[in-house]
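Please consider the model shown below together with its sequence. The paragraphs that follow proceed from individual side-chain pairs to the strands, the cores and the chain as a whole.

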Amino acid sequence: MQTCPSCHQIDQVQKVSALVGASTSYGSEYLRTDIANKLSLPKIPEQPYLEKARGCSSWLLLLAVGLFCPATLFVIGVVSSDPTARNNPTGFLGFAFLWFIPGIIVLVVRQVFVERERREHAKLLEQLAAEHQQKLAAWQRLQQQWNRAYYCRRCDVVYLDGGQAYTSPNNMLDLLARAG
């Protein structure tokens, strides 16, 4: 155990991790002293969550175009005043072909936009993962220093083993960051 760099005594010195870990537990609630709350290690950075890129399926769009064409042909056939047009499939096929071309164009354009959105989404996920790795590495360095920290109740100071620098519990994270 390290002596306090302020009072040079060890009788009131306790390891920070032990002090925080000795919090009294009653069921699911923890009763902590104010000093244990001040000396607690910040929570580990959470993994970023980003919803999956959205977009309707190409099959859904193809189905919509496929249903719209026959429905349109049916309406035209029912509404048509020329009785021979109702029974003439070539007119309907020509009309269906006119709908087929724009349907294909819509599918291609939509696919281009979906692919662009997916690439942007993947790039954003990579950025978030890289940022998370940096935060996690910084947190791990902080945790290593925190495991070396001691608290003196007499002086109300926090210090690291082997060091002469000390600070108040309110500034403990600054001391750990400087040491790490």
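The side chains of R118 and E115 form a salt bridge, with N and O 3.1 Å apart; the term denotes a side-chain nitrogen of Lys or Arg within 4 Å of a carboxyl oxygen of Asp or Glu. Both residues belong to helix α5 (residues 89-146), where they are three residues, or about one turn, apart. An α-helix has 3.6 residues a turn, so residues three or four places apart point the same way. R118 is partly exposed, at a relative accessible area of 47%, and E115 is likewise partly exposed, at 31%. Here buried means under 20% relative accessible area, exposed means over 50%, and partly exposed lies in between, with a 1.4 Å probe and protein chains only. Helices are DSSP runs of H or I with at least four residues, strands are runs of E with at least two, and both are numbered from the N terminus.

This is a predicted model, in which local features need pLDDT of at least 70 and side-chain atom pairs count only at pLDDT 80 or more, whereas totals for chains, interfaces and linings use all residues. Residues are numbered from 1 along each chain as its sequence is written, and side-chain values use heavy atoms, with hydrogens and water left out.

By the rule above, the model contains four salt bridges. One of them joins D11 to R154, at 2.7 Å from N to O. This pair links distant parts of the chain, 143 residues apart: D11 lies in the segment before β1 (13-15), and R154 in the loop between β4 (149-152) and β5 (157-160). Another joins D34 to K38, whose closest N and O atoms are 3.4 Å apart. D34 and K38 are four residues apart in helix α2 (residues 34-39), a separation of about one helical turn.

The strands come next. Two strands are taken to pair if DSSP finds at least two bridges between them. β4 is joined to β5 by four bridges in the antiparallel sense, with A149 opposite L160 in β5. β1 and β4 also pair antiparallel, over three bridges, and K15 stands opposite Y150 in β4. Four residues separate the strands in the hairpin of β4 and β5, where D156 has a positive phi near 55°.

What covers β4? Both of its faces are covered, with A149 and Y151 buried on one side and Y150 and C152 buried on the other.

The largest nonpolar core has 17 residues, and among those touching the most other members are L39, W146, Y151 and M172. A nonpolar core is a set of buried Ala, Val, Leu, Ile, Met, Phe, Trp, Tyr and Cys residues joined through side-chain atoms within 4.5 Å. At least two residues of this core come from each of α1 (16-21), α2, α5, β4, β5 and α6. A second, separate core of six residues includes Y150, C152, V157 and Y159. Beyond its neighbours within four places in sequence, L39 is in contact (heavy atoms within 4.5 Å) with residues including V16, W146, V158 and P169.

In helix α6 (residues 172-179), M172, L175 and L176 are buried. These buried residues fall within an arc of 95° seen down the axis, so they line one face of the helix; the arc is that of the directions from the helix axis to the C-beta atoms. On the other side of α6, A177 and R178 are exposed.

Overall, the protein has six helices and six strands, in the order β-α-β-β-α-α-α-α-β-β-β-α. Of its 180 residues, 24% are buried.
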